[in-house]
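Trainee: I would like a close look at a single part of this model. Please keep the answer plain.
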Amino acid sequence: MKNRLDGRRIIVFGAATGIGAATVKRLATEGARVCAADINLDGAEATAQAAGGESFAVLCDIADEASVNAATQAAAARLGGLDGAHINAADLRVIMQDSTVLDMDLAVFDRTVAVNLRGHVLCTRAVVPHLVKNKASAIVYTSSGAAHAGEAVRPCYAISKAGINALARHVAAAYGKQGLTANVLAPGFTVTEQMRAQMKADGTDPQQWAALYLTRSAASRLGEPEDHAGVVAMLLSDDGRWISGAIFDVNGGAMMRA
Ligand SMILES: NC(=O)c1ccc[n+]([C@@H]2O[C@H](COP(=O)([O-])OP(=O)(O)OC[C@H]3O[C@@H](n4cnc5c(N)ncnc54)[C@H](O)[C@@H]3O)[C@@H](O)[C@H]2O)c1
């Protein structure tokens with residue numbers, strides 16, 4: 001399993017921190033040559049350095065078509081093509097202002113959709129022409145359990161993530177005959193380093209907070225970025241070849257009632 005991705009050429013959009021950073025490291029561990037693309041170039045460079053192997057970073061703002069195209073071209077040129085993509089970036093700063101459909105600030109809606117959904121469309125348009133040059137290739141999108149949970153809050157986020165699920169199914173249907181699979185990782189609540197730092201700054205007790213969150217859920221703990229990285233690696237490898245158009249709820253059973 002260690003070399004399951006030997007020599008695979010993969011771009012990860014949204015790779016500076018959290019789930020994307022953990023994924024870059026996992027892909028490199030399994031033998032892939034990885035481009036870490038992010039609006040936070042310093043963070044992407046730190047990820048690539050920690051991942052080792054032939055990993056490298058490029059600057060990319062997924063809300064900007066020219067930036068996405070330039071980053072994809074740079075990755076494909078340096079890697080000699082692309083076999084896979086993990087489209088993972090989201091603007092998680094505006095989510096704090098995401099309220100209800102009646103109260104929402106439309107600027108928050110527009111920004112959320114511009115990055116989380118339109119950005120994923122731009123990344124798809126950039127990578128697919130490279131991917132379909134191969135007999136076998138794969139895209140993994142990151143959406144969220146919020147896309148199908150039904151929540152009284154954060155409608156902008158949920159709408160953007162539901163759109164990703166539809167996008168992935170479209171890509172799976174349109175390019176499947178050309179050997180491209182497209183699947184979705186839908187994470188449940190996952191504690192990233194940034195969240196831990198924020199909780200520390202706010203004086204929030206992470207254990208108390210987790211206990212509250214897990215009260216009515218079957219999950220025994222909150223997620224870690226590494227819980228997702230292995231699933232993405234599987235979907236980008238030959239182990240995932242016979243899977244396409246699927247949504248993976250990776251949440252420790254969080255949607256089961258306890
Ligand atoms: N952490 C969770 O609980 C959770 C739950 C469900 C879904 N998700 C999803 O997982 C993905 C990763 O989130 P995370 O929790 O690791 O958070 P994160 O903030 O650590 O990761 C998001 C990454 O996207 C990058 N990014 C933001 N805007 C960008 C832009 N315009 N262009 C390029 N890169 C940009 C950030 O710099 C960062 O590296 C997101 O799509 C998020 O919606 C997270």
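Trainee: Which residue in β4 is the bridge partner of V12?

Mentor: The bridge partner of V12 in β4 is H86. Before going on, note that this is a predicted model, in which local features need pLDDT of at least 70, side-chain atom pairs count only at pLDDT 80 or more, and totals for chains, interfaces and linings use all residues. Residues are numbered from 1 along each chain as its sequence is written.

Strand β1 (residues 9-13) is joined to β4 by four bridges, and the two run parallel. Strands here are DSSP runs of E with at least two residues, and helices are runs of H or I with at least four, numbered from the N terminus. Two strands pair if DSSP finds at least two bridges between them. Both strands belong to an open, parallel sheet of seven strands, ordered β3-β2-β1-β4-β5-β6-β7. Its edge strands, β3 (56-59) and β7 (247-250), each pair on one side only.

Within β4 (residues 84-87) lies I87. I87 counts as buried because it has 30 C-beta neighbours inside 10 Å; the cut-offs are 20 or more other C-beta atoms within 10 Å for buried, 12 or fewer for exposed, and partly exposed in between, with C-beta atoms placed from the backbone. Beyond its neighbours within four places in sequence, I87 is in contact with F13, H120, C123, T124, I139 and Y141, where contact means C-beta atoms, placed from the backbone, within 7 Å. T23 is 64 residues from I87 in sequence, yet their C-alpha atoms are 11 Å apart in space.

Technical notes: Two residues are in contact if their C-beta atoms, placed from the backbone, lie within 7 Å.
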